[in-house]
Amino acid sequence: MVNITIDGIKTSVPDGSTILQAANAVGVNVPTLCYHPDQSIKANCRVCVCEVEGNRLLQAACSQPVMEGMVIKTRSPKVIEARKTILELILANHPQDCLNCIRNGNCELQDLASEYCIRENPFELKVRGLAKDFSTPSLFRDPDKCVLCRRCVETCSVVQSVNALGLENRGCHAMVVPTLGKDLIDSPCIMCGQCIHACPVGAIGEVENINDFLKAVADPDKVVITQIAPAVRVAIAEEIGLNTGELPMEVFVQGLRQIGFDYVLHTNFTADLTILEEGNELLKRLKEGGTLPMFTSCSPGWINFCETFYPDLLDNLSTCKSPQQMFGALAKTYWADKMGIDPAKIVSVSIMPCVAKKFEASRPEMRDSGFQDVDFVLTTREIGRLFRMSGLDFSKLPASKFDSWMGEYTGAP
Ligand code: FES
């Protein structure tokens, strides 16, 4: 243990702790931007600077280890002024379109600008004017908004081992770019979307289909149906200010009806079918000598990963579709037939926890019903935005059940 003083509080922390860790241990919050608790220390934004007695220069709290007897000030006038200047410099290169940004209200830079009362910027606004990349159906990039924290790069390379993102050029010309400076769609990106979670701002985001949904429900000739993935039922609660899993399923179903879905069905119906189909395929391979072992996943990011990096294993993949895509094909054939609805009028929307599902739905081979099987995908976050737009009070909504034919399931998978 080492003995230190932080903002007048005497404390002991384990040797090797950073100033940031020590400050957190005594209840002092030091602002960060490039720091991520699950990643290596990059120390490139300097937002976390603190004063250490005896040091002429301010120290980055996220990278500076504490030492015996250290006296640290995390909010002296010198520190506050330095942090404000650092934020003003970052903002001088940042588009000022917060109101239109996908991360409006959920942006680490916006929060910092608010916390440090940045009202006017003494530095001239110089946005680089880089092209946005909307080449994939899942993710977009807005390089002008990048603050060069490199959290996305580490997530893509170290966590996902995909290496679709890297750093190009140096100094003020530095940029995070897809491999070899191509568009994202031409890089090895598997569209898993993990970089979105890592990005502190709106430099990477999910491609929104909210306007497609609003257009569909406004059309009286369309029958708008949805399937809900199991994980969404739990996570959606967070989007409406509840704890994870706190929103009762039947109230969620009612909320979906209220925002305009004509029928609410369940992906678990085809999760049951997937198990049956895959079980049959495995038995067939065992009996007839097919390729073994047989692998399967309903994650299209995982499938993309296999297709991109392990093409020699493609014969080991099950040929069955994911539950989302089985549902899409059946909704416009079996379900349309049972309900007596013209499949041409059906807009099939799935609600999924994953942006790679948008890519999967758009694959050209996913048209077995004679139409695009799943018309588009809304993520949990997009449904959260639609719920907020609708002004629903979920504490007062009455319960509602799933619709029939493809709303039942065993839950066994
Ligand atoms: S958070 Fe410490 S330098 Fe960026």
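Visitor: Does Y263 count as buried, partly exposed or exposed, and at what relative accessibility?

Guide: Buried means under 20% relative accessible area, exposed means over 50%, and partly exposed lies in between, with a 1.4 Å probe and protein chains only. At 23% relative accessibility, Y263 therefore counts as partly exposed, whereas W335, at 0%, counts as buried. This is a predicted model, in which local features need pLDDT of at least 70 and side-chain atom pairs count only at pLDDT 80 or more, while totals for chains, interfaces and linings use all residues. Residues are numbered from 1 along each chain as its sequence is written, and side-chain values use heavy atoms, with hydrogens and water left out.

Visitor: How are the rings of Y263 and W335 placed, and which parts of the chain do they link?

Guide: Rings of Phe, Tyr and Trp (its six-membered ring) pair if their centres lie within 6.5 Å, and planes under 30 degrees apart count as stacked, over 60 as edge-to-face and the rest as tilted. The structure holds seven aromatic pairs. One of them joins F213 and F261, a tilted pair with 4.7 Å from centre to centre and 40° between the planes. F213 lies in helix 6 and F261 in the loop between helix 8 (249-259) and strand 11 (263-266), so this pair ties together parts that are 48 residues apart in sequence. Both F213 and F261 are buried. For Y263 and W335 the ring centres are 5.0 Å apart and the planes stand at 75°, so that pair is edge-to-face. The pair links distant parts of the chain, with Y263 in strand 11 and W335 in helix 11, 72 residues apart. Helices (H or I, at least four residues) and strands (E, at least two) are DSSP runs, numbered from the N terminus. Ring pairs also link F252, F387 and F394 into a cluster.

Visitor: Which residues of helix 8 are buried, and what do they pack against?

Guide: Helix 8 is mostly covered, with eight of its eleven residues buried, namely M249, V251, F252, V253, Q254, G255, L256 and I259. These buried residues pack against several elements, including helix 6, strand 10 (223-228), helix 7 (230-239) and helix 13, where contact means heavy atoms within 4.5 Å. After helix 8 comes G260, whose phi is positive, near 130°.

Visitor: At what angle do helix 8 and helix 13 cross, and which residues make the contact?

Guide: Two packed helices are described by the angle between their axes and the distance between the axes. Axes are lines fitted to C-alpha atoms, for helices over the stretch in contact, and angles run from 0 to 180 degrees between N-to-C directions. The axes of helix 8 and helix 13 come within 10 Å and cross at roughly 70°. Helix 8 and helix 13 are therefore roughly perpendicular to each other, given that angles under 35 degrees count as roughly parallel, over 145 as roughly antiparallel, 65 to 115 as roughly perpendicular and the rest as oblique. F252, G255, L256 and I259 of helix 8 make the contact with I383, L386, F387 and S390 of helix 13.

Visitor: How does helix 6 cross helix 13?

Guide: The axes of helix 6 (residues 210-218) and helix 13 (residues 380-390) come within 10 Å, crossing at roughly 55°, which makes helix 6 oblique to helix 13. In this contact I210, F213 and L214 of helix 6 meet E382, R385, L386 and M389 of helix 13.
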